[in-house]
Amino acid sequence: MSTVAIPEYTTDKFFGLEDKWLETAPGELTHYHELGEGAPILFLHGSGTGVTAAANWWLNLPELSKVGRCIAIDSIGYGQSVVAEGTEYGIKEWVRHAVRVLDALGIEKTWIVGNSLGGWLAFQFAIDFPERLLGIISMGTGGAKLTGALKGHSNPQLTEEGIRNTLELFVVDKSLVTDELVKLRYASALNDTASDRLKDVVEARDRDRTELPLDFDVLAKLEVPVFLIHGVQDVVIPVSRTWEILNIIPNADAHIFSQCGHWSQVERADEFNKVITSWLKARGV
């Protein structure tokens with residue numbers, strides 16, 4: 001029985017996902033979605049304003065849950081996860097939160113699927129907790145040097161227009177950024193603002209971009225399978241980020257989508273799901 005009050009919150013029916021809650025530390029209640037059975041696959045979202053697990057993975061979880069046990073969490077400082085007083089944020093703190101989720105669920109080892117910041121976290125997880133990792137799938141891996149688009153994320157506009165402008169940077173096909181999606185992300189962003197989290201998490205992310213870049217010397221010795229996905233037209237994190245990592249990690253494969261931006265799991269959802277399913281099945285999942 002949780003000692004932390006579960007918020008009166010239901011994920012919008014637009015996303016089609018059931019809410020779950022898990023006490024992961026004293027005063028900390030993790031909000032997540034879980035579908036499927038079998039090998040654990042932990043999904044880590046990006047860091048765009050108003051981001052949640054649902055808003056990152058709603059087009060992927062139903063299909064990928066046919067392959068394994070898909071667990072998509074709201075990282076601390078994002079979405080509906082409740083944090084304890086004095087919680088600190090940063091790359092290592094977000095990784096430790098992911099480990100607490102695994103511990104609370106009794107999962108010893110997992111695959112990780114990470115988008116943007118989530119991909120960055122996946123590789124930091126590999127550095128800090130290699131014994132808990134089965135493999136990584138990372139899209140538009142975060143932690144890269146600042147681009148103009150990334151600088152915009154450091155000063156988000158907390159309006160529906162600002163949210164729309166941000167989401168339109170993620171895709172080539174702007175029609176994917178619907179009014180409904182913008183309103184849902186805006187509502188989530190207001191939740192971030194109300195709890196004074198948005199400023200803190202953005203500052204922590206940008207601090208660690210400089211102070212805690214991925215240790216490529218360690219990753220060069222990574223033995224688990226790695227799959228990198230990127231859109232050619234990604235203006236948030238250039239595709240050169242994937243080439244950089246691909247040349248470092250000995251067991252890395254890559255898939256590059258044409259006419260695709262930063263949001264490959266949304267913009268090319270059907271193909272994305274098929275590519276990942278095939279890759280995982282080829283590795284015995």
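Predicted model: local features only at pLDDT ≥ 70, side-chain atom pairs only at ≥ 80, totals over all residues.
Numbering starts from 1 along each chain as its sequence is written, and side-chain values use heavy atoms, with hydrogens and water left out.

- Phe129 sits in the loop between α4 and β6; helices (H or I, at least four residues) and strands (E, at least two) are DSSP runs, numbered from the N terminus.
- Is Phe129 buried, exposed or partly exposed? At a relative accessible area of 22%, Phe129 comes out as partly exposed (buried is under 20%, exposed over 50%, partly exposed in between, with a 1.4 Å probe and protein chains only).
- From the C-alpha atom of Phe129 to that of Val95 is 8.9 Å, although the two are 34 residues apart along the chain.
- Val95 and Val99 also turn up on the α3 side of the α3/α4 contact, so let's look at that packing next.
- Helix α3 covers residues 91-105 and helix α4 residues 117-128; they pack at about 75 degrees with their axes 9 Å apart (axes are fitted to C-alpha atoms, for helices over the stretch in contact, and angles between N-to-C directions run from 0 to 180 degrees).
- That makes α3 and α4 roughly perpendicular to each other (65 to 115 degrees).
- On the α3 side, the contact is made by Ile91, Lys92, Trp94, Val95, Val99 and Leu102. From α4 come Leu117, Trp120, Leu121, Gln124, Phe125 and Asp128.

- Eight strands make an open sheet with mixed pairing, and the order is β1-β2-β4-β3-β5-β6-β7-β8 (strands pair if DSSP finds at least two bridges between them).
- Which strands sit at the edges? They are β1 (20-25) and β8 (252-257), each of which pairs on one side only.
- Ignoring direction, neighbouring strands of this sheet are turned against each other by 25 degrees on average.
- β4 is largely enclosed by the rest of the structure, because four of its five residues are buried.
- On one pairing, β4 runs antiparallel to β2, joined by four bridges. Tyr32 has Ile73 in β4 as its bridge partner.
- On another, β4 runs parallel to β3, with five bridges between them. Here Phe43 has Ala72 in β4 as its bridge partner.
- β6 (residues 133-139) and β7 (residues 226-231) are also parallel, and four bridges join them. Met139 stands opposite Ile229 of β7.

**Aromatic pairs**

- How many aromatic pairs does the structure hold? There are nine (ring centres within 6.5 Å, with the six-membered ring used for Trp; planes over 60 degrees apart are edge-to-face).
- Phe15 and Trp58 are edge-to-face, since their ring centres are 5.4 Å apart and their planes stand at 75 degrees.
- Because Phe15 lies in the segment before β1 and Trp58 in the loop between α1 (53-57) and α2 (61-64), this pair ties together parts that are 43 residues apart in sequence.
- Both Phe15 and Trp58 are buried, and together with Phe14 they form one aromatic cluster.
- Phe170 and Trp263 make another edge-to-face pair, at 5.5 Å centre to centre and 65 degrees between the planes.
- Phe170 is in the loop between α6 (160-169) and α7 (179-194) and Trp263 in the loop between β8 and α11 (264-267), so parts 93 residues apart in sequence are tied together.
- Phe170 and Trp263 are both buried.

- Ser116 has a phi near 60 degrees, a positive value in a residue other than glycine. Its place is in the loop between β5 and α4, and Ser116 is buried, with a relative accessible area of 10%.
- Gln259, not a glycine either, has a positive phi of about 45 degrees. Gln259 is found in the loop between β8 and α11, and at a relative accessible area of 52% it is exposed.

How values were computed
Parallel < 35°, antiparallel > 145°, perpendicular 65-115°, else oblique. Contact = heavy atoms within 4.5 Å. Phe/Tyr/Trp six-rings, centres within 6.5 Å; stacked < 30°, edge-to-face > 60°.
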